[in-house]
Amino acid sequence: TQPRWLILMETEVYCPTCPFPSLAVSESLCPLVGKAIFTINTVEIKAQPSAKVKNGSPMSIICQADISKKNDFQLRHNFTVFKNGKLVFMITSDKGEARYGIPMARSSDTGDYECTVEAGGKMKSSNSLHVWVTGMTKPILTAEKKEVLEGEVVKLRCELPEEEPPLTFFFRKINMNSTPKEKHVSELYRNFSTTEFAVEDGDNILHFDCFGRRYVNLELETSEPSNRTLVTVKEPFIKPTLIAKPSRNITEGDRMQIECSTVVAQIRGIEIILQKNKTILNSVHDEKHLKYSTVATVEDSGEYLCKVEQGRASKMTKLNVVVAELFPKPVLTASAFRVDENKELTLSCSISGFRKANFSILRRNSNGDLQWLKNSRNLTMRVYVNNTGSYICKAEVKGIVKESKPIRINVYGELIWSGLPEVVLGKPLWLICRSVMGTPPITFTFYKGGEVKKIVVNNTYATFLDENIRQNDIGGYKCDARNHHSSGMKTSNVLNITVIGKNASLGSNPYGEVEDGSDALFLCTVEEGSWPIHFKIFKKTDRDDLVYETSENADRILWHKKVMKREDTGTYYCIASNRANVDVRSQPITINVILAAWQKGMIAAFFLIPIAGAIALTLWWFLFKKKTGNKLFFLISLVMNALQLKPCVCFRSEDL
């Protein structure tokens, strides 16, 4: 019955009745060997009172083993309980049941439980049992300080003991005079969290608490609120006092003074700022009092704000001031708002129900500066185009200066037109209609052949594009313009179309051959073209020589070339152009200058008589001095060569 070490010398067996039934012992040492036969049928696990309990309630995990034995003997069991795969409880018992008790269940006890039973070298496990402990423990809240100053921060720590992350912590700042402010912090790896709350102006006695939340089986669980922590707040300075002198209701021209002051425990680091409509009027540092003084105007009416700051602490006070109007704004009137150039214009400045004021009339330049014109209620002047602009008047009473609303005066100059380019057939046209003088805005209207094509309102010019000028666009182009000048509308000159034909031709008389010394006529023509047309006739050489040039108000020219010579032989062509700046070239013609009839007669007179004598002498020589053979044939050939009737005939040397 007492534990002891055994030296195993014989066959080893398991003795379930021994003190260590799992220990292998000799068969001779186990008195019941051969009789301790058993089997583990099932192992079951269950929770009491149930698998779902409230946080803080007692709970037990029960493990039961169903074992069948051949003989009646006592069997010891090893019970092991696991939660989420980790060992949480282990016991050895001779009973078939073990109990793992939890006096106060917490949410950390939630999980999947499993029981394993081992006896006599045999082992069996139960199914998994999910246990859910609903609810959470009450959190614990602590504050770093119990007393703080305005502008400081309160540091808090909230803890959920016995809870396992991930968790979400909610902190609340509870002020008796305002809605609670809340912050939340998620913690993935710890069961506590910290945060800070700023102490603001007006905070006096503050309460803080916290609570926690988590998700279990896709359901949200929330803890009850923690203990409430009290924090008292001290003021580093009091709310500022803001006053207006002599009162909150004053009249324009009176001197107005705004004063702001506070009471502060420590002057160092204090700052007082005075604002109106978010514009800072004055400020002081390390002082408890601020003053601001000015001559009151209507624009000084409104709400003033005094703010005192020290560190993070800030307090403010507002005051509404009303400044009564001393006199209304002046009104500027004009005899006319649209005036022709070189006409008179009268401007008058007045204040309704008020006459004792110093008036001045001014004009605003293009750069925004005001140009003084006259210190007077009225101004009459002769105007020009450069007098166009914006005019105002000023009135001054008791040092208060007010401006009238501006009025616009437009001085219109008469419209004068600049020249416009010519129109070319087959080319795009940019038509520009421009007013050299004339006050904008100007309305431009474009016409093509009497038809309105475009209307443009612009300052000094407008453009119109006609992408392709066609042959039938014979009506011409024009534009007109109008502004508010009394002279009315101005119209430009009509632009007619400049045309040049696509083909030109060159001919001559006589054509082809011309006798040396005679005259020749060259005719160059174009199909169509706007006059004047410039004609040029060239003879083809290495550089193409210009032999004739003229401009005519016609679509053809005739060149009379006198005394043609042998060097005039060659190829000729002509080119025609006009203001369209398009050259039209003819096909070339060839002229050959040949001998005249009288020149041929002279040649016959000088050359044929000697040739005839030579022929007679040669005939005599052949007939009387040589053999006859081919004499007759040679004679005939010689005569024919002399008369140039056929190419030269070759003979054998013995025939000569």
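Predicted model: local features only at pLDDT ≥ 70, side-chain atom pairs only at ≥ 80, totals over all residues.

Me: What makes a residue "buried", and what makes a run a "strand"?

Reply: Buried means under 20% relative accessible area, exposed means over 50%, and partly exposed is in between, with a 1.4 Å probe and protein chains only. A strand is a DSSP run of E with at least two residues, numbered from the N terminus.

Me: How do you know that S50 and S53 pair?

Reply: Pairing takes at least two bridges found by DSSP between two strands. S50 (residues 533-539) and S53 are joined by six bridges and run antiparallel, with Lys-536 partnered by Ile-575 of S53. Then comes S54 (residues 584-585), joined to S53 by two antiparallel bridges, where Ala-576 has Val-584 as its bridge partner.

Me: Why is the pair of Phe-89 and Tyr-100 called stacked?

Reply: Phe, Tyr and Trp rings (the six-membered ring for Trp) pair if their centres lie within 6.5 Å; planes under 30 degrees apart count as stacked, over 60 as edge-to-face, and the rest as tilted. The structure holds seven aromatic pairs. For Phe-89 and Tyr-100 the centres are 5.2 Å apart and the planes are at 25°, so the pair is stacked. Phe-89 sits in S7 (residues 86-93) and Tyr-100 in S8 (residues 97-102), so the pair ties together parts eleven residues apart in sequence. Phe-89 counts as buried at 19% relative accessibility, and Tyr-100 does too, at 18%.

Me: What makes Phe-170 and Phe-211 a stacked pair?

Reply: Their rings are 4.9 Å centre to centre, with 5° between the planes, and that is stacked. This pair links distant parts of the chain, with Phe-170 in S15 and Phe-211 in S18, 41 residues apart. Phe-170 is buried at 10%, and Phe-211 is buried at 9%. Elsewhere, ring pairs join Phe-522, Tyr-548, Trp-559 and Tyr-572 into a cluster.

Me: How do you know that Arg-213 lies over the face of Phe-170?

Reply: The rule wants NZ of Lys or CZ of Arg within 6 Å of the ring centre and within 35 degrees of the ring normal. Arg-213 lies over the face of Phe-170, 4.8 Å from the ring centre. The charged end of Arg-585 likewise sits over a ring, that of Tyr-573, at 3.9 Å from its centre.

Me: What makes something a pocket, and which residues lie nearest the centre of the largest pocket?

Reply: On a 1 Å grid over the protein atoms alone, a pocket is an open set of points where a 1.4 Å probe fits, with protein on both sides within 12 Å along at least five of seven lines; lining residues have an atom within 4 Å of a point. The largest pocket is lined by 22 residues, with Glu-164, Pro-165, Pro-166, Arg-214 and Tyr-215 nearest its centre. S18 gives the largest share of that lining, four residues.

Note on methods:
Residues numbered from 1 in each chain as written. Heavy atoms only, no water.
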